[in-house]
Amino acid sequence: MSEGISQPDQPQPIEAHAGDKDLFSKFDDIIALREGLLSQGREDPFNLVMEKVLSPTRAICNGRETILLGTYNYMGMTFDPDVVEAGKQALADFGTGTTGSRVLNGTYQGHKECEEALRDFYQMDHAMVFSTGYQANLGIISTIAGKGDYIVLDIDSHASIWDGCAMGQAEVVPFKHNDIEAMEKRLKRIPEGAGKLVILEGVYSMLGDIAPLKEMVAIAKKYGAMVLVDEAHSMGFIGENGRGVVEDAGVIDDVDFIIGTFSKSVGTVGGFCVSNHPKFEIMRLVCRPYVFTASLPPSVVATAATSIRKLMHGSNKRAHLWENSKNLHKGLRDLGFKLGTDEPQSAIIAVIMPDLEKGAHMWETLIRNGLYVNLARPPATPAGMTLLRCSLCAEHSEEEVGQILEIFEKSGKETGII
Amino acid sequence: MDRAEVDTKIRALIEPFNKKRVEIREETTFQNDLEFDSLTVMDFVAEIEDEFDIIISMNQQAEIENYGQLVDAVHKLQADA
């Protein structure tokens with residue numbers, strides 16, 4: 001669950017109106033819903049423009065200086081001087097883009113160095129860089145799980161996972177979110193001899209809750225399934241070396257594939273898969289979303305490689321980010337807000353709103369008072385909840401977290417939510 | 001288990017999900033008549049899977065639009081299992 005505004009991550013069929021020749025008529029309901037929301041005179045939560053970005057935690061949004069509490073810039077690497085310098089140098093030395101696929105003319109020195117940085121970061125044998133995180137899931141899942149294979153996955157999986165499943169045409173068997181028993185029952189019923197892939201996420205980005213990976217990975221292995229874990233929201237932060245929930249749960253050696261992204265803690269754009277599978281390198285030839293797209297620009301892989309290497313030594317930042325997460329969670333709970341998790345489990349704190357109208361009002365009040373959070377609303381959310389998703393950054397100072405709580409208190413009282 | 005027995009069991013399972021007390025006939029659709037959303041579908045499918053000890057994958061679910069098709073599919077799946 002994630003970035004979808006008017007659609008859930010799990011793809012839903014949109015029915016065409018019979019007899020209508022305009023192919024756009026199937027979107028009429030969504031158009032009406034959106035116009036309804038905007039006609040209430042609210043600031044459009046999904047049309048925010050950042051005119052100026054001052055730092056990883058501050059920007060000028062719609063003319064106002066705003067504290068950013070809704071980005072995925074968890075480790076605050078976007079303005080790191082070494083990272084910026086590496087990007088500038090690569091831009092000067094290698095130009096603006098590769099204009100080619102990784103398998104043709106699109107592999108530069110920088111792409112190799114970036115994959116080397118990932119192998120060192122995860123202590124794994126193989127690393128493969130994709131042009132986006134979405135393509136990493138789409139490519140790996142659709143390529144390894146084909147017709148006749150079975151994919152067992154959490155119902156709250158990200159859109160890129162669902163789309164990878166659909167593209168590969170494997171049999172798709174979802175289970176209730178984080179339900180260990182439901183997962184085991186489904187694995188048990190898969191016909192003997194069929195290929196099995198279990199797909200889990202370290203951190204689920206809607207509520208910021210983590211998966212019980214220790215138990216789940218053990219069960220997946222018991223039934224002979226391969227395991228893929230998407231660690232997009234935990235890389236750099238969770239685990240002693242920032243390798244994610246798999247590291248924290250002590251199961252990193254039992255998972256077959258870790259999928260990650262450069263567009264969160266790493267601070268740029270791109271996606272990757274790391275693995276110890278002895279045949280992994282063949283993926284470069286058979287994975288269509290890897291082959292049939294242009295590779296990342298040299299400046300992007302240079303910033304990514306530099307950032308990944310710095311994240312290896314980020315234990316102080318990790319500790320500070322945990323402090324921020326704990327302080328914000330406790331502060332919001334003490335103010336009387338309802339939160340998505342009883343304890344802080346990641347850098348995401350989800351504040352549960354009573355309904356969509358009050359949630360939209362609260363979002364607008366927060367932005368007027370200088371705080372940006374993510375508004376997540378049905379149908380993109382689990383169980384039809386309206387959430388204000390707060391994602392913290394290691395560069396938020398303790399004082400800033402205090403300011404954030406003051407803005408929440410003021411806005412909560414203005415809107416009558418607390 | 002014959003089709004009638006499968007039908008009886010599914011009728012019992014569907015009861016708590018049939019909030020609007022829609023009359024269940026062979027041609028009753030899940031999306032339009034029963035207005036099941038994706039979460040309801042997941043819970044309902046899980047109940048059926050547990051009862052009959054089968055898997056109804058999403059690919060198979062996509063082919064099932066009405067009640068009669070569901071009974072047919074479950075009847076076949078539990079016979080094959």
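A residue counts as buried if 20 or more other C-beta atoms lie within 10 Å of its own, as exposed if 12 or fewer do, and as partly exposed in between, with C-beta atoms placed from the backbone. Keep that in mind for what follows, which is a predicted model: local features need pLDDT of at least 70 and side-chain atom pairs count only at pLDDT 80 or more, while totals for chains, interfaces and linings use all residues. Residues are numbered from 1 along each chain as its sequence is written, and chains are lettered from A, with ligands numbered from 1, in the order in which they are written.

Let's start with helix H1 of chain B, residues 3-14. Helices here are DSSP runs of H or I with at least four residues, strands are runs of E with at least two, and both are numbered from the N terminus. H1(B) has twelve residues and reaches 16 Å from its first C-alpha to its last, close to the 16 Å expected at 1.5 Å a residue; that expected span is 1.5 Å times one less than the number of residues.

So which residues of H1(B) are buried? They are B:Val6, B:Ile10 and B:Ile14. They sit on the same side of H1(B) because they cover an arc of only 65° around the axis, the arc being that of the directions from the helix axis to the C-beta atoms. Over on the other side of H1(B), you'll find B:Ala4, B:Glu5, B:Thr8 and B:Ala12 exposed.

The cover over those buried residues includes helix H2 (38-52) and helix H4 (67-80) of chain B.

| Helix | Residues in the contact |
|---|---|
| H1(B) | B:Arg3, B:Val6, B:Asp7, B:Ile10 |
| H4(B) | B:Leu70, B:Val71, B:Val74, B:His75, B:Gln78 |

By class, this contact has five nonpolar, two polar and two charged residues. Ala, Val, Leu, Ile, Met, Phe, Trp, Tyr, Cys and Pro count as nonpolar, Asp, Glu, Lys and Arg as charged, and the others, Gly among them, as polar.

Chain B also meets chain A: eleven residues of chain B are in contact with 15 residues of chain A. H2(B) gives the most to the side of chain B that touches chain A, with five residues.

Over in chain A, A:Ser157 is found in the loop between strand E5 (150-154) and helix H5 (159-168). A:Ser157 is buried, with 24 other C-beta atoms within 10 Å. Leaving out residues up to four places away in sequence, A:Ser157 touches A:Asp9, A:Trp162, A:Ile199 and A:Glu201.

How values were computed. Contact = placed C-beta atoms within 7 Å.
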